[in-house]
Structure formats: C-alpha cells, structure tokens
Amino acid sequence: MQRGLRAVRRAVGRATVLCPDAGGAVGVGHQALLVVADTTAVICEQAEVATSSRLRRCFSALPRTSPMTIQSINPKVLKCEYAVRGEIVTRAQLLQQELMTKPSSLPFDEIVYCNIGNPQALNQQPITFFREVVALCDYPALLDKSETHAIFSSDAIARAYRIVDSIPGRATGAYSHSKGIQVCRDDIAAGITARDGFPANPEDIFLTDGASVGVHMMMQMLLSSEKDGILCPIPQYPLYSASIALHGGTLVPYYLNESSGWGLEISDLKDKLEGARAAGTIVRALVVINPGNPTGQVLAEENQQSILQFCRDEGLVLLADEVYQENVYEEGKKFHSFKKVARSMGYGDKDISLISFQSVSKGYYGECGRRGGYMEVTGVSQDVKEQLYKVASVNLCSNISGQILMSLVMNPPKPGDESYEQFAEERDGILSSLARRAKVFTEAMNKLEGVTCNKVEGAMYLFPRLKLPERAIRAAGAVGMLPDVFYARRLLDTTGIVVVPGSGFGQVPGTWHVRCTILPPEEKIPGIIDRLSNFHQRLMDEFRD
Ligand SMILES: Cc1ncc(COP(=O)(O)O)c(C=O)c1O
C-alpha cells in the first residue's frame, strides 16, 4: 500500500490519493479516486496503476475538468447582470449573421441597434478638430512636416504640440502618470472652471478608461461587504447595479417618479435611507444620474440643492453621473453640475464629498470606443485621495488617446480659433438633430395604443411604459419570459429593431417598459417608426383582452 501511494504521489505531483480500493492497495486491477490540486476529482479505473509511468499514462488519458467552473468562480460575478448587452442583443447578432448568409430569410433586411448609446455605430461622424489633434498626437512626426499645415488646422497643430511637448520624448505610447497626463488634467480643470464659474483643481482629476472604470473604482473604495449600501435610482443605468454586485455591496433602491416626468423626490430618498439603516445597512453613497439614463430627465437646480443638502445632512458621498451634460434638448432646461450648485450654495470641500463622472462617450462627440473619462474628486481627505491614487496606479494609467480626447471635450476650440466655425457647426448639427429625433420618437411612442412616454429632456433614450393586455402577459409567462422581454424579443424577431427590456434597468413592480435610443440616423427614423407602430398594433390586436 505505502509503495503504491508513493508511486502515485510521484506520478501526479500534487495529486493526493483519497481512496484506494477496498483492499487498501493501489495495484493491478484497482481503482483510485484522485483529487488533483484540490479541485478536480476523477475516478481512475485502470488495469494497472502500480507504477508511476503507467499511472501518468492513465491520468493523461482522462478527460480534463477545468479548474475554473461555474461552481468555483466568484459568486458575485454570477449575481452581476448587464442587460444593455444581454440576451436580446446576442439574438440580434445571430440574426445579423443569418441576414448575411441568407439575405431574404427574415421579415426585415437589417438589424437596427437601438439598445445602446453608441452614436458612431449608428453613423454619427466624429468631430474633426478632436480627431485632428488625436491623429497628430498619435503620430507626432507629422508635426514637423510642412505638408501638415496644408491638411490640419493651425489650432489642432498648436494643441497637439502643447500635449506632446509635455510628454517626455513625445512618447504617446508610454504609460502616463496614473491620474493622467498633467496638461490634460490642467485643461480639464480649466474647462470645469469655465463651465461652472468656480475653480477646479487638476489634482482632483483622475482620468479613466471611460466613466465606467471611475464608477468601479469608487465602488471598490466604498464597499467592503454586503453591509455597505449605495442608494441608486430605479430605473438606473445597469453599470451601477452591476458594479455594486461585483464589489459585493447592497443596492438600496429609490424610485424616480414616472408620473412627474421621472422626478427625484427627497421624501422617497429619506424613506429608503431610513429603511436601509433600520435593516442594518450602512449607506455610503447616493448615485444620481443627470441627465438621466434611461429616463432622460434633466434635474432642476432646486432639486439638486435638496439632494446636496440631503447628502450633507446624512453624511453620504454624492456620486454624480454627469456623462450626458451636453445632451439637453428641452427648452428651458439646462444642465447644472452638482459641483457648481454645491459651490453656489456655499458648500465647500468640508461640507460635501462629491465625485463627478464625465466621459468622451456621449455628448455630441460620441467617442465610446476611445474609452476616455474622468472623475473629479472633491471633499475627500488627502489620505483617502492617496488610497484612490493607489487604486488608480494598480491600473497604471488610462489610455492616452482617451485622455487627450477628454481634455479636448472639456476644452474645445474657442471663437477666433481657426477650427471654431467648423467645430461649432458639427457640434450644433449633431445636437439639434438629436433634439429633433427625441421629439419625433416621443410623439410616435405616445401615439401607440397603451403606451405613454415622458419627454426626452436630455441624454439619448426613450423609456416608454407599455400597458400590455393581460393575455400578452400570460403568453409571456407561458414561455418563461417577463412581459417586457417578450415584447422586446417579438419586436426584434418581427422588425429587426433592438431595444432593451425595462427589467434590465429596474422598474416599479407590475409596470413594463423598454429602452430605445434616439440615435438612428434621421432619414431612417420614419421607416423605424412605421415598423415599430405596425408591430405594436398587431401585437395589441393579437392579445387584446
Ligand atoms: C449614465 C451612464 N454612465 C456611465 C456610462 C459609461 O460610459 P463610458 O463609456 O464612459 O464608460 C454610460 C454609458 O452608457 C451611461 O449611460
């Protein structure tokens, strides 16, 4: 027996023989249960396992079980959901493949992706000035060529010089400081100062690979166990529920009021905070998305003041998602940054901990794939900031083109610059078209039977409420789907239009919504509305109670 065991140990290294056969010996005609590296259990049934070389042969012939299984991976990953790229989108991609291989096999000839705020995927053109600067920074040798002046605008050249000359050796392929390139942070701080009329400090700016990374970093800072909670709007952009789940905290929901245009009510915030505290949750922060995703509301300044006062009084960090700050369409509505509102109330660093997230992905620039963003971290002590810097430095730095773009977004051409006219024309063209699209889509939604849709005051989405017939709800249940998933799936299969079921964002129980972007090109919108309206009417007729 001892000899047999030693042979087995030699043969499989870290493997342990758990149970030699009933006779206790590992030998000819015996069976052994091997546990390899404590994770993989296999039954080894072999005529001879007495010698190490034979055992090795026997072992290598066994099917290998991966040491990483659904049972063994982090359960927080299993809990995390992200509907924006969920099962409807996976199906859309399959249908797209099918259209390519068998062009007339489906009742439509293209997939229209209205599921995600990804403007350039739907033909939005990049802003010329931004791309000129990024191109020159990416290939700095162009700066020293005379032909460059015939192709690029003089202010783009000057800006590129300013950026690359601040980088040792003009090495835009080198890691930068973990918070970001100093001139980019300086320009972002200058842009915030100009926007708000209150000073911003470049040392408070952390450049990130999109706002998402900043949100994850903050969740990492704030959440150490399920006892830690984050107040989050419902409906919400699922980055929040996903990152809270991944970092092991608790989402404390508060509801936006659909009947008052997705208003944020302080009384509801207070109720939810008290309820969570009574249940033993330590609520660390409040998330506010302004302008809202998926809801599109733009907060009034007085509402923001109440939110700031609430956070100050309750000792909550305010996580202000301000990535849609340039996307405001409704007349009379204006974006105010929480920082500006706080400072105009006389709140300084000692009164309120405020983290503002911004991104290159939205606005009129829509540079989602460039992965640029920043967070401005104010009202946080120096020692905490040092810890945040440590977390940032674990990622080394965010990507350099994203950093450059973020600095351009916050500090674009000014009147008098050579690029200004073209820049302003491109920016205004995109924003006014988005405003028209928001209006046309909302009006069309409100004409559909049983559908109500609040105004899209800002951001990039419609979030219509669907009052579906009971028979449709039962039909959904019969195939194991939520009614909004059933609706979105049927819409895709019938029309090729991809929307996201409201359940992916959270909604008042018993209500059903879908989220649809306003991003398809204007000339395609009448056709999309026709397809959507016909589909909806047929569905209502089919299931009418
Ligand atoms: C409200 C909101 N916050 C953050 C993000 C993440 O953006 P980024 O591409 O900068 O990571 C998005 C993306 O859609 C969003 O809608």
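**View 1. Strand β5 pairs with strand β11 through 4 bridges.** The two strands run antiparallel, and β11 covers residues 373-378; helices (H or I, at least four residues) and strands (E, at least two) are DSSP runs numbered from the N terminus, and two strands pair if DSSP finds at least two bridges between them. F206 has M375 as its bridge partner in β11. Helix α8 (residues 182-196) packs on the sheet and touches β5 and β11, contact meaning heavy atoms within 4.5 Å. The direction of α8 makes about 115° with that of β5; axes are lines fitted to C-alpha atoms, for helices over the stretch in contact, and angles run from 0 to 180 degrees between N-to-C directions. The model is predicted: local features need pLDDT of at least 70 and side-chain atom pairs count only at pLDDT 80 or more, while totals for chains, interfaces and linings use all residues. Residues are numbered from 1 along each chain as its sequence is written, and side-chain values use heavy atoms, with hydrogens and water left out.

**View 2. An open sheet of 7 strands has mixed pairing.** The strand order is β5-β11-β10-β9-β8-β6-β7. Because β5 (205-208) and β7 (250-255) stand at the edges with a single partner strand each, one side of each is left without a neighbour in the sheet. From one strand to the next, the twist averages 20°.

**View 3. L319 belongs to the largest nonpolar core, which has 117 residues.** Such a core is a set of buried Ala, Val, Leu, Ile, Met, Phe, Trp, Tyr and Cys residues joined through side-chain atoms within 4.5 Å. Buried means under 20% relative accessible area, exposed over 50% and partly exposed in between (1.4 Å probe, protein chains only). F130, Y240 and L319 have the most contacts inside this core, and helix α16 (residues 420-447) gives the most to it, with 8 residues. Not counting residues up to four places away in sequence, the contacts of L319 include M218, L222, V287 and F357. A second, separate core of 30 residues includes V283, L286, Y347 and V500.

**View 4. R312 lies in helix α12 (residues 301-314).** R312 counts as partly exposed because its relative accessibility is 36%. Beyond four places in sequence, R312 touches Y347, D351 and I352.

**View 5. Helices α18 (residues 483-495) and α19 (residues 525-543) pack at about 125°.** Their axes are 10 Å apart. Residues in the contact include F486 and Y487 of α18 and F535 and H536 of α19.
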